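Thanks for sending this one over.

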Amino acid sequence: MFRRIAAALTTLSLATAGIVLTTAPAQAATTICKTSPIPDGYVILAEGSSTQCSGVFPNTWRIAQPAERGTTTVCKVSDIPDGYVILAEGSSTQCPYNFPNTWRIAKPAERGTTTVCKVSPIPSGYVVVSEGSSTQCPYRFPNTFNIRPL
């Protein structure tokens, strides 16, 4: 019986690691107390609790630098770093507040167009070329911009 439990836990750990690896930010995440400022270029991935931090639970942030390539899901309480755009919103029990409470962010394409939610910052050097609609973005249609580099 112990071997079955150990095998199941190993399989679960590997499956979880596989999921984490496909959505992980470029740098390993770290946990900080909510009383600390978020360093420039970092995003909030989740909140948590620790007896090593002051304040009422939840009292910690899980932070990391967003992926240079691909997407990163961040809590909506996070600032969006310069050069990144919002592609969609979602929901996570690891982030505070009511659903939807996450953003999926990425760097826009260096060639061609990228569709972003209208709530997204437009990076320097990019222009809006059209607008559209997506159920993955908040607010009334049209709720997206198509942007491209100058």
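1. The space inside the second largest pocket comes to about 160 Å³.

2. Before you read too much into any of this, keep in mind that the model is predicted. The average pLDDT for the protein is 87, and 82% of the residues score at least 70. Residues 1-24 are the part to watch: pLDDT is below 50 there, and the stretch makes two contacts in the model beyond near neighbours in sequence. Where pLDDT is low, the predicted coordinates should not be read in detail.

3. On to the cysteines: the disulfide count is three. One of them links cysteine 33 to cysteine 53, with an S to S distance of 1.9 Å. This disulfide is left-handed, because the torsion about the S-S bond of cysteine 33 and cysteine 53 is about -75°.

4. What lies over the face of tryptophan 61? That would be lysine 34, at 4.2 Å from the ring centre. There is a second case to look at: lysine 76 lies over the face of tryptophan 103, with 4.2 Å to the ring centre.

5. How many aromatic pairs does a search of the whole structure find? The answer is zero. For the tryptophan rings, then, I'd write up the lysines instead: lysine 34 over tryptophan 61, and lysine 76 over tryptophan 103.

Technical notes. Residues numbered from 1 in each chain as written. Predicted model: local features only at pLDDT ≥ 70, side-chain atom pairs only at ≥ 80, totals over all residues. Heavy atoms only, no water. Phe/Tyr/Trp six-rings, centres within 6.5 Å; stacked < 30°, edge-to-face > 60°. Lys NZ or Arg CZ within 6 Å of the ring centre and 35° of its normal. 1 Å grid on protein atoms, 1.4 Å probe; cavity = no way out; pocket = protein on both sides within 12 Å on 5 of 7 lines; lining within 4 Å. Points joined across faces, edges and corners; volume = space filled by probe spheres on them. pLDDT = per-residue confidence, 0-100. Contact = heavy atoms within 4.5 Å. Disulfide = S-S within 2.5 Å.
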